[in-house]
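User: Could you take a close look at one hairpin in this model and at the strands that pair around it? I'd enjoy a connected walk through that part.

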Amino acid sequence: MRTLEVTKLRDLTGPGHTDDYGIGGTDLGAAALAPDGRLVAVFGDTFESKQAGGPGWRSPVILFGDPATVRDEGGVRWTGSAGGDHPYAEQVVSYRHNARIGGRFGGLVGGTRITTQLPTDLITVGDEMYLHVMACEGLGNVHWTEIHRSRDNGVTWESTGLSWPGGHLGGLFQMLTWELGPDGYVYALTTGFQRDKPLLLHRVPADQLLDAAAWEGWGFADGAWAWGNPPTPVLPGAFGELSLRRVGDQWWLALFDAGNYRIDLIPMPQGPTTDLTTAERLTVIAGCGWGDEDHGCGRVAQCYGGYILPGSTPDEIHLVVSQWHTADNWPYRAMHFRARIGA
């Protein structure tokens, strides 16, 4: 059994951390390296004041960071934001919060309301970056998901036109994480946005990422697992945010296990098709009550997220962890934790 030493390095967002970018309260924070090497982190519902629900509502927003600071004791240092030639972090996807869709859109009846669009993950393929978002009416009600693309290192984004209905694959293709493998495939794990569903595994050739017909599932049929079968759950349970990454030459999965109220790391020695039902699980963040917190050892109230940061190594994985005190709407922030893993 491996040993684990967990340390909180700092708050990444909130007063005193992201004021220059007009970010008081925000969450999520999936991150990837842009083609030019900068760290690109994408956040969800964002407000100018520290409380969730305040003025300046936008989502998603992007902050740029210095990747060389990921392993510093002081944590990631932000260097800029996306959306304009000013520090203020603008919404990078074009839509209006609480807008109603006119006519028909993707099979949705006119008048459907879109409260917000939330990011699930981003990826770099060649000279382009791709961002997967969920179009939601309230939390947990996903009308569709879609992919946006940036050709300028995450500064500006445009829709690719590829979208899936919220009910695709029984609602198990809403929250997504993806990673490019050395074999030229992008591998993706998905689940629903209700935090009560299992995981599915998919792959698509990287050069066909925007061809919906090129996506195929990993499924069990006729007594065996194989690509091209209808996808079947690879890990039962009740899951939320996901982060699939190659760390060095190893595959790792970080996930919010909502059913057990914790954030786990799972090494995947056989790559994306590792049997997750028997794989080792390392609990980095243990959920707890507000009176029982100890961030110094990874006890965090109302925790979620858990995104692996670029610059992690197999023996030192860095995570972006979210926290939202839903009764008071503060804390509502993203935090940087380090997990040192021993033999």
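Analyst: Happy to! A definition to begin with: two strands count as paired if DSSP finds at least two bridges between them. Please keep in mind that this is a predicted model.

The hairpin is made of strand 17 and strand 18, with two residues between the strands. At this turn, Gly248 adopts a positive phi near 65°. Strand 17 covers residues 235–247, while strand 18 covers residues 250–257. The two run antiparallel and are joined by seven bridges.

Now follow strand 17 to another partner. Strand 14, residues 197–205, pairs with strand 17 over two bridges, again in the antiparallel sense. Here Lys197 faces Phe239 of strand 17 across the pairing. Strand 17 is mostly covered, with 10 of its 13 residues buried. Buried here means a relative accessible area under 20%.

For another antiparallel pairing elsewhere in the model, turn to strand 3 (residues 39–43) and strand 4 (residues 61–65), which are joined by five bridges. Val42 has Ile62 in strand 4 as its bridge partner. These strands belong to an open sheet of four strands, in the order 2-3-4-5 with antiparallel pairing. Strand 2 (28–33) and strand 5 (78–81) stand at the edges with a single partner strand each, so one side of each has no neighbour in the sheet. On average, neighbouring strands of this sheet are turned by 30° against each other, direction ignored.

Definitions and conventions: Residues numbered from 1 in each chain as written. Predicted model: local features only at pLDDT ≥ 70, side-chain atom pairs only at ≥ 80, totals over all residues. Heavy atoms only, no water. Axes fitted to C-alpha atoms, helices over the stretch in contact; angles between N-to-C directions. Buried < 20%, exposed > 50% of the residue type's maximum accessible area, 1.4 Å probe, protein only.
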